[in-house]
Amino acid sequence: MSIQHGRQQFLNHIVNAGVGLPEAERRPPDTPHELPTPPSSIPRLVVNRRGRPPSVCSAFDGKVACQGIFTTIIITSPNMDYIPQYPVERQVVPTYTDGRWGLHEYSRCPQVLLSDVWHVACIPRRPSPPELPTVLWENLSVHTHWRIDPRTGVAGLGFILPDVQEDLLEAVRMTRLRLTEVVDGPPESLEYGKYLLMVLSQAVERMEKMPSSAQSAVVVAAHIQRLCLEAEGLRTYMRVVYPRLIGSADYRHDVLPVLGAFVQEGTTAQACTKAGLPVWLLQPLTPSVNIWKVVDPEPLPFGLSEEQCNPPLMHDTSIMSGVVNLTNNWVRDASLRVSKLVAGSRLPTLAPSDVQSILATRDDVHPVKRPKAVDSRREYTHLGMKPLSRSSGETDKERGRKGSTPRGNQDGQVTLPPGGAAGQPMGGHSSPKPAASAEPPQPARFFMQSPFYSIPPHWMRALQSASPVPRSAAQALYFYPPPFLLDTVCPEAPAPELVDANITVRQDAKVVRYLHNLVRIRRFCRARLFNASMSNHPLTITEWRTALFGDYNAALRQGPGTRAAPEQKTRGRRRLEERNGIGRLFGQVALLPPYAADMVPHLGDIDATRETVRTNTLVRSWLLWESHEINFRCEVMALDTLLVQRANWTELERWERERDVSGIWGEPSSLMSVLPPDALPESTHLWGSMATPSWWTSITALCRFIRIVSRWPECPPLLLEATERVAEWDEDDFFELLNACTSFYVDTFVSVYRRLPLPPIPVPV
């Protein structure tokens, strides 16, 4: 059962416990309450029972009672000594500066009970370390729980404090452990638990990897708290409350330390009372209701912020795409809506010919008039690159040799061109060196082995077979600085002593400057991948070369002279626009000063002076590994998005697919995992980056990759049938499938994007 199907079943499993107050008693949001009858005829709530009340009374009676915002309706509780404020449904649910929703914060305040979200009423009220750590109830503040990160290069961006992050990560680890150990429960609840853990992974990776403003960081951290508490409520429901509800035993005197809920129907109040859930019943004020004590509604839990932040969250009670919409559906769709807003990650897809100016100048920014509600139904574009078109002026013969870019059929299915993945490879079976008089080979189209690292053999064979790639009119795009700009040599940074004579060593006098400046800008290059305000589209090789060079004084550059030829003027203007665009991006958005040889950025614990970058081989190896790893992960995700995902997919379906794809390079998590840890990992055990993989320890990783590519068009039958007989694999089977899967991926990528993909490489030692 998929997560989407399980959640839909969970949402549709409804026997409504009451869909709202009577029309005369419903209070429109943000409008004064109009009395239905003259003041003299309004019933008055009074105590009509004396003495000490029972510990738990009848579900229809009140140990305590209040009228609150109502006139002819009262709120009573048979098993609690207080009454919380009633969460009136609103058109806009405001977000407060602590990242919570005030009275509508379902992880801290009781909400109206809906029959398909009983687990919300089972969320614990207070900490119980170590299983329920205190950090889940901590009131986060932009002033005390966040600090700016100057290494990002963008003013005003930072992270939640490391010690708070550490506590939250430990809480998440405990939440996962406690929820996954539950194997018995309603099937729809078990599936919803998988959904919660998937969304939790997205929020955690965003907190760890993406620098953001103080308010955004606090909202993400508060959502992690919320999801952990909801998961604990789901665990309590499956293990404790659900068996009580379906059993015959009476647990009314064993009231659970959970939030409880407001109910609007008597039989539901009886069920909650019997199960030991705190309950508050909305019922008409009549003399037959036994009342022992009249109280005022309790204020918000201590410490919850009452200061609103912007933007608020739009809650439209009539429209909610992809989620069942009923009265009081805020609790039902809150986690999905907010997860989409604060943890959903998207990058725009831009064709190379459509790349516009990278950044509008600051004078183009319109002043903010007033905060607007964020409509969570807005469309998001996904991480990806559009396939490249054929070169202009190609003959029919050339088109037949090169094939065409993938096209969508009537069902939206992408078809690969002839000579692509399942046909003859785009290039020959070897990579001969070009003649001395030929144009210098371009690493984007011609496989060239680096003198600084080794590519795993199966990747090398696949890349050599696809090389050279025919020239395309459009420029190649990369998500991160490509490694072939970083593995050249110069007199002050020569090649390693032991270099294979067959390896072509390329020269570039600026390579030390490139490496030194990349140490400084790498955090910004990572951060912009998921931040549309930083112009996060992939860049061309020329743009990355300009970014690495580090001259960001865009205003000082002028166009070609008036005497230049028309072709030179056009080419000169284009290059000028590219350089100035990069200057605006890195100099005005990132606020990075131009490169200076005496700067000392940090790479982990390394103080990266220019001399250190020149002499310390680990610095170059680290940067090369990161370049390969980020580009590889982004390229796999982009290609899978193009070939598999559909425009009518829901967010849950996209997240589930992204989780599966991320399993290629680690434990399945989310789209954000395309960014590896900022620190260099100790080792890599995945099949894709090991020169001589230990096949018996790499079966899981290879199976994940095969399952991903098996949904791509023209997948070879060998791969389609492979995962059905995993138990029968031997070493020969493993390496046969490894080579087949790698070759299919490389050929498919080349047929779509008209350049060679970047493979993963081993982590430097």
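How many salt bridges does a search of the whole structure find? The search finds 29. This is a predicted model. The report starts with the overall picture and then turns to single places in the chain.

## The protein as a whole

The protein has 765 residues, and buried residues make up 54% of them. Its secondary structure comes to 17 helices and 15 strands.

Contacts can also be sorted by distance along the chain. Take the contacts between residues at least 6 apart in sequence. Of these, 76% join residues at least 24 apart.

## Two helices side by side

Helix α2 covers residues 162–180, and helix α3 covers residues 187–209. They pack at an angle of about 165 degrees. Their axes are 11 Å apart. Angles over 145 degrees count as roughly antiparallel, and α2 and α3 are therefore roughly antiparallel to each other. The crossing of α2 past α3 is left-handed.

Which residues meet here? On the α2 side they are Gln 165, Leu 168, Leu 169, Val 172, Thr 175, Arg 176, Leu 179 and Thr 180. On the α3 side they are Gly 193, Leu 197, Leu 200, Ser 201, Val 204, Met 207 and Glu 208. Sorted by type, the residues of this contact are eight nonpolar, five polar and two charged.

## Arg 235 and its partner

Arg 235 is found in helix α4. Its side chain meets that of Glu 181 in a salt bridge, at 2.9 Å from N to O. Glu 181 sits in the loop between α2 and α3. The two residues are 54 apart, and the pair links distant parts of the chain.

Is Arg 235 buried or exposed? Its relative accessibility is 11%. Buried means under 20%, so Arg 235 counts as buried. Glu 181 is partly exposed, with a relative accessible area of 43%. Leaving aside neighbours within four places in sequence, Arg 235 is in contact with Arg 178, Leu 179, Glu 181 and Val 182.

## Other salt bridges

Arg 252 and Asp 250 also form a salt bridge through their side chains, at 2.9 Å from N to O. Arg 252 is partly exposed at 26%. Asp 250 is partly exposed at 46%.

Arg 659 pairs with Asp 660, and the closest N and O atoms are 3.3 Å apart. Asp 660 counts as partly exposed, at 33% relative accessibility.

Tyr 82 lies in the loop between β2 and β3. It is partly exposed, with a relative accessible area of 26%. What does Tyr 82 touch, not counting residues up to four places away in sequence? It touches Val 64, Arg 125, Trp 280 and Glu 298. Tyr 82 and Trp 280 are 198 residues apart in sequence. In space, their C-alpha atoms are 9.4 Å apart.

Ala 474 lies in the loop between α8 and β12. At 23% relative accessibility, Ala 474 counts as partly exposed. Thr 540 is 66 residues away along the chain, and the two C-alpha atoms are separated by 9.7 Å. Helix α10 covers residues 541–549. Its buried residues include Glu 543, Trp 544 and Leu 548. Just after α10, Gly 550 takes a positive phi of about 90 degrees.

Most residues other than glycine have a negative phi, and most peptide bonds are trans. Here are some places that depart from that pattern.

A cis peptide bond joins Pro 129 and Pro 130, with omega about 0 degrees. Pro 130 lies in the loop between β4 and β5. The bond from Ser 467 to Pro 468 is also cis, with omega near 0 degrees. Pro 468 lies in the loop between α8 and β12.

Glu 714 is not a glycine, yet it has a positive phi of about 60 degrees. It lies in the loop between α15 and α16. Glu 714 is partly exposed at 37%. Arg 754 also has a positive phi, near 60 degrees. Arg 754 is found in the segment after α17. With a relative accessible area of 7%, Arg 754 is buried.

Technical notes. Residues numbered from 1 in each chain as written. Predicted model: local features only at pLDDT ≥ 70, side-chain atom pairs only at ≥ 80, totals over all residues. Heavy atoms only, no water. Axes fitted to C-alpha atoms, helices over the stretch in contact; angles between N-to-C directions. Helix = DSSP H or I, 4+ residues; strand = E, 2+ residues; numbered from the N terminus. Parallel < 35°, antiparallel > 145°, perpendicular 65-115°, else oblique. Left-handed = near helix turned anticlockwise from the far one by under 90°. Contact = heavy atoms within 4.5 Å. Nonpolar A, V, L, I, M, F, W, Y, C, P; charged D, E, K, R; others polar. Salt bridge = Lys/Arg side-chain N within 4 Å of Asp/Glu carboxyl O. Buried < 20%, exposed > 50% of the residue type's maximum accessible area, 1.4 Å probe, protein only.
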